Amino acid sequence: MDNLLEVKDLKIWVAGAARPILVVDGVDLQVRAGSVLGIAGESGSGKSISAQSLIGILGEKFVYEGEIRLEGRLIGDGGEPFAAIRGREISMIFQDPLNSLHPQIQIGKQLTEHAGRSGQDSRKADKRARELLREVRIPDPDWAMKAYPHQFSGGMRQRIAIAMALVGDPKVLIADEPTTALDVTVQAGVLRLIKRLCVERDLGVMIITHDLGVMNAMADDLTVMYAGRVVESGPATQVLQSPRHPYTEQLVGSLPAGPARDGGRARNMRAIAGEPATPRNRPAGCAFHPRCPWAEDRCAVTVPPVEYRGEGRRSACLVDPFFSVDDVRKAAAR
Ligand SMILES: Nc1ncnc2c1ncn2[C@@H]1O[C@H](COP(=O)(O)OP(=O)(O)OP(=O)(O)O)[C@@H](O)[C@H]1O
Ligand code: SF4
Ligand SMILES: [Mg+2]
């Protein structure tokens, strides 16, 4: 299936006290229509910054370089401006739905104003707003149109934020930790909604979450980041069940059996021994080398390139310790 959104060699610098700091270093991402790309990685690994760069909402102290293509068209620097794409072709929802909702404006007005900016006339916009509220399963859309954000629970607010993101009929939906702030009892419903919209609307979804149980249930493809770089990517089930990169292997532990066994309590990423590297304190060579049980001398010197490992999988490891006999057989058969 062709990529809907394709990001090549994304680099992002943030202004630092002495010099700019490279916080995202050469990230490639692909989002396919009707499928979910999950982005995983410890805190500070550059997930949010990467996502924000795709709709041009990085603050002024950030600079990016790289190629962002939507259906093959270059967007952002040197291409179509982000302002023309944001909220129309690519929408984003955040951890806190109040980032997308104005607290003192009625939901209906917010939805229709949004629609107005998307060029729809007001009667049509009103009808469409109600349809969207129904689509995201808000009970009593007529009442909801007149209500304010504080009159809804967190889960309902996130559903409304999703409705808001859908007003421009986007092709891509980016969700940054969309359920982290929600009560566990409503998280699953919001995730099911995102998955349903992905399938029904043929949306390309990019979801960032710390919860590998969510990744397991939602993601078709998975990209794992460490210290601002991609360390592994590929079909989510395979990456989670037989990780190819030592960092991913440490991260996922015994998934998918883990989440099922303890009823979901240990679904977050496993803590890994050693100090997490962030882009600000990225070790030389492979950034994971101070924590890696497989590290060799060369790992402290050479940055491992992301290499194709067959069957849609890529990883960036000089040693590649989980290269199995099966892999050798498959490679020989190709
Ligand atoms: N506003 C900022 N000002 C300066 N540096 C920043 C800012 N936001 C992020 N960074 C830098 O960019 C790096 C990546 O941040 P980002 O928010 O993308 O991480 P993340 O992977 O989303 O983490 P989390 O899981 O905690 O949300 C951080 O380690 C930090 O060094
Ligand atoms: S390159 Fe070396 S340090 Fe990095 S993950 Fe591979 S084995 Fe570990
Ligand atoms: Mg983040």
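Let me start at the ligand. Serine 48 has a polar side-chain atom 2.8 Å from an oxygen atom of ligand 1. Before I go on, please keep in mind that this is a predicted model.

The side chain of serine 43 places an N or O atom 2.4 Å from an oxygen atom of the ligand. Glycine 44 takes part through its backbone, with an N or O atom 2.8 Å from an oxygen atom of ligand 1. How much of the ligand does the protein bury? Taken alone, ligand 1 exposes 640 Å², and 72% of that is buried by the protein.

There are 16 residues around ligand 1, and the ones that come nearest are Ser43, Gly44, Lys47, Ser48 and Arg280. Which element gives the largest share of this shell? That is helix H1, residues 47-53, with 3 residues.

Now to the cores. The largest nonpolar core holds 56 residues, and within that core Leu133 and Ile162 touch the most other members. If we leave out residues up to four places away in sequence, leucine 133 touches Ile107, Leu111, Ile138, Pro141, Ala144, Met145, Ile160 and Ala163.

Next, helix H7, which covers residues 184-200. Which of its residues are buried? They are Gln187, Gly189, Val190, Leu191, Leu193, Ile194, Leu197 and Cys198. As background, an α-helix has 3.6 residues a turn, so residues three or four places apart point the same way.

After H7 comes aspartate 202, in the loop between H7 and strand E8, residues 204-208. Aspartate 202 is not a glycine, yet its phi is positive, about 60°. Its relative accessible area is 47%, so aspartate 202 counts as partly exposed: the cut-off for exposed is over 50%.

Aspartate 9 has a positive phi of about 50°, and it is not a glycine either. Aspartate 9 sits in strand E1, residues 3-14. It is partly exposed because its relative accessibility is 40%.

I will finish with two glutamates. Is glutamate 89 buried or exposed? It is buried, because its relative accessible area is 14% and the cut-off is under 20%. Glutamate 89 lies in the loop between helix H2, residues 82-85, and strand E6, residues 90-93. What does its side chain pair with? There is a polar contact of 2.7 Å with the side chain of lysine 171. Leaving aside neighbours within four places in sequence, the residues in contact with glutamate 89 are Leu70, Glu71, Arg73, Pro170, Lys171 and Val172.

The other one is glutamate 296, in the loop between helix H11, residues 257-261, and strand E11, residues 307-310. Glutamate 296 counts as partly exposed because its relative accessibility is 37%. Its side chain makes a polar contact of 2.8 Å with the side chain of arginine 298. Leucine 318 is 22 residues from glutamate 296 in sequence, and their C-alpha atoms are 8.9 Å apart in space.

Terms used. Residues numbered from 1 in each chain as written. Chains lettered and ligands numbered in written order. Predicted model: local features only at pLDDT ≥ 70, side-chain atom pairs only at ≥ 80, totals over all residues. Heavy atoms only, no water. Core = buried A, V, L, I, M, F, W, Y, C linked by side-chain atoms within 4.5 Å. Buried < 20%, exposed > 50% of the residue type's maximum accessible area, 1.4 Å probe, protein only. Contact = heavy atoms within 4.5 Å. Helix = DSSP H or I, 4+ residues; strand = E, 2+ residues; numbered from the N terminus. Expected span 1.5 Å × (residues − 1). Near = heavy atom within 4 Å. Polar contact = N/O pair within 3.5 Å; in protein donor to acceptor, adjacent residues only side chain to side chain. Areas by Shrake-Rupley, 256 points an atom, 1.4 Å probe, with all protein chains shown as cover.
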